[in-house]
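The stops below go from one chain to its contact and then to an annotated span.

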Amino acid sequence: MADRAQPVSGAPGIGAALCVATLILGALAAVVWRAEPGSGLGPSDWQAVRFTLIQAALSAGLSVALAVPVARALARRRFVGRGALITLLGAPFILPVIVAVLGLLAVFGRAGWVSQALGALGLEPLRIYGLHGVVLAHVFFNLPLATRLILQGWQEIPGERFRLAAQLGAGPEAIWRLLERPMLARTAPGALAVVFAICLTSFAVALTLGGGPRATTVELAIYQAFRFDFDLGRAALLSGIQIVLTALAAGLALRAAPGGGFGAGLDRAVQRWDANTPTLRLLDGAAITLAALFLLLPLAAIAMAGLPGLTELPASVFRAARTSVLIALLSTGVLLVLAVPMAASIAMVRRAAWIEIAGLLGLAVSPLVIGTGLFIVIYPLADPRALALPVTALVNAVMALPFALRILVPRARAVIGDFGQLGLSLNMGGGPFLRLVLLPRMRAQIGFTAGLAAALSMGDLGVIALFADQDMATLPLQIYRLMGAYRMEAAAGAALLLLGLSMLAFWIFDRGGRWHAEP
Amino acid sequence: MKYLTFAAGLFSATAALAEAPTLTVYTYDSFTTEWGPGPLVEKAFEAQCGCDLKLVAAGDGAALLARLKLEGARSDADVVLGLDTNLIQAARDTGLFAPHAVSATFDMPVAWEDADFVPYDWGYFAFVQNKTLSAPTSFRALADSDLKIVIQDPRASTPGLGLLMWVKAAYGDEAPAIWAGLADNIVTVTKGWSESYGLFLDGEADMVLSYTTSPAYHLIAEEDDSKTAARFDEGHYMQIEVAGKLATSDQPELADQFLQFMVSDAFQSIIPTTNWMYPAVTPEGGLPDGFATLIAPGKALLLSPEEAAALRDPALAEWLTALSR
């Protein structure tokens, strides 16, 4: 398609992709450059690679498989509180790991609610620690993301197609075959690749829920190389493995996902006459209820633990909250500047796979490696502490980029495919096409992207630990510090504050984006 | 440097600030928080040095050392505070540290002789539990019991590494058997101390690897006397936290002055209820009240920095083998 005239220029997106790739690979190169001769990879590292692959594949597969019925139910049903539920479902994904793990264990742990209920019935407590625990935790984190990505696929089927289907008397099975299955074939591989990439860099969750060193992941091996052996070469090698695995997964996913779409619609509200049978209502109700329970119970545990601490939050927590909000806004801005042009380029340029993979790099490379690499680069030039804010915002933006592209690309592709020719035939310039056609039609996706980016940045520990001094802590860092000082109650309160702020940021940005999905 | 600061003083409106030399101390995160010793130490030292004390936080002890290695000789740090005996050898090997000039009589269970590093506090590793639990009296008793414990990963956590050294110092070649026996007691292994302690307080485990001084926090800060530590017959491994002066410091006299201040009453009296450790030199007023209720280990175990450095990798391999089955 590159040969063909295009309604907007692909160059800014290519430039953005080059910037991202340079930033991440440059950071990695800096670590390699600084490395002294160390040991190569040992058998325990390969064991870590194997465990990482197994748990990431299982987690991604299960997250996406479970997300399909949940997303389908949410797409077909309208009920009071649906919007709030969709927003809340995003919460696990943006929590700091330590908070989410404690919330999860308050429900599923040895002394958790489920075990207590089992105990009351005279049964053994739940045995959560092991590979299944790791997968459970990763599904908890990623099911909401997978659900949102797939739900978006449903929302992108124009309402006219369902009208036509209803007119032709298509039942649920025919709709599944004609509309839903092709849509899933396009969205599911991308969702799988993103969840797989997230799970690839998991560490604290995998170790804690995995029950010990059996659950050693590549990320833990990197951490060990850094702080236990100070073997930067090995850390960079392991990081290289993460990149290769992510690129492979992304390549497979892109190959598996066919192009094409449903054609343009007139943005009419979607109505589903096909789904009104009692059985389907019951099934959808069950899917939504089960998912909501699974995701919301741990959140309730976090909220209950946090309420008492909320009244005794020290002033430093509010200072940290301000810093976090500032970083989140900055990083959302940076992300949109990178992601929207990249998405447009991917939609237009032939052989755009490298742009997608460049976008995934932010997830593939361990934050520790990026942070250390940037530190090595910045240190001779400037005081890293003075740059803590912009560096953290930038890294957070790059880490949110893979999600942004998954959200933006399908829509950008559809809009350009459906309206690009029209724009050209009207002799619309790139600017007017962007302003009048592309951006307005992507408003929903851009809102969702911005919300996710803001929330992710708020909850992420990222690289701030390497750069910040005591006056520049973010809220997640402050939570860790409170816990490190025995102040568990205040930490729980701060976690609840973080949860509230993240959800609020997500809701505000996403709000503008959900209009076209609602009847 | 003197001329520079003088010039800065002439031209700057904040002349008083600019004239004061700055002493930069790298330390771990929890030292600098508002509940840690940092703010009080800063105030006390600045009152007597006519300088600006800048505390820079960098993760925990091991992250601190990694940071220093990254910065190398260009580092702004004049003093590094917060390494422990398990890190001393690696720190010395960097060649970045200079001999200190501190003289003090330390009140620690073991004698201290080190040309480069000065201790400022110490503690014993221990398993913390609720008082209602009947405590095991040794690793073997713990391994034979049904008690569930949560520990930290030695690859990622300072106390985790301390436990590795504890078992090694107490049992030597028998360490693998002890770990094999403990395997079914270990609920899980966490990345850091905070996760473990949080899990313990939430009831996920009966005991958690921490310090003998942990119950003092609950007693003094929360007026909660329900926690205690189990006293093990084989003795308890010590953590001694130290500070050292960097050879590249542009404020060597001030750095010496700080290290001497560090072992004085003014600094030492801050430690017990902010860092929740024993002061290296007992201050004149003695220890705070709650500290008398803490368990007193019969035997203090400690490997020398050289031994600790040599045993670290084999001990880790034993640990991984025993717990990966």
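Start with chain A: of its 519 residues, 57% are buried (20 or more other C-beta atoms within 10 Å of the residue's own, with C-beta atoms placed from the backbone). This is a predicted model, in which local features need pLDDT of at least 70 and side-chain atom pairs count only at pLDDT 80 or more, while totals for chains, interfaces and linings use all residues. Residues are numbered from 1 along each chain as its sequence is written, and chains are lettered from A and ligands numbered from 1 in the order in which they are written.

Next, select the C-alpha atoms of chain A, which fill a box of roughly 65 × 60 × 45 Å along the principal axes.

Now select the contact between the chains (C-beta atoms, placed from the backbone, within 7 Å). Chain A gives 42 residues and chain B 38 residues. On the chain A side, the elements giving two or more residues are α5 (97–108), α10 (204–210), α11 (218–227), α16 (367–378) and α21 (475–484).

Last, select residues 49–254 of chain A, which an unreviewed UniProt entry lists, with 321–509, under "domain: ABC transmembrane type-1". The span 49–254 is 79% helix and 0% strand, and its end C-alpha atoms lie 23 Å apart.

Key:
A residue is buried if 20 or more other C-beta atoms lie within 10 Å of its own, exposed if 12 or fewer, and partly exposed in between; C-beta atoms are placed from the backbone. Two residues are in contact if their C-beta atoms, placed from the backbone, lie within 7 Å. Helices (H or I, at least four residues) and strands (E, at least two) are DSSP runs, numbered from the N terminus. UniProt positions are given in the numbering used here, feature names are shortened, and annotations may be inferred rather than shown by experiment.
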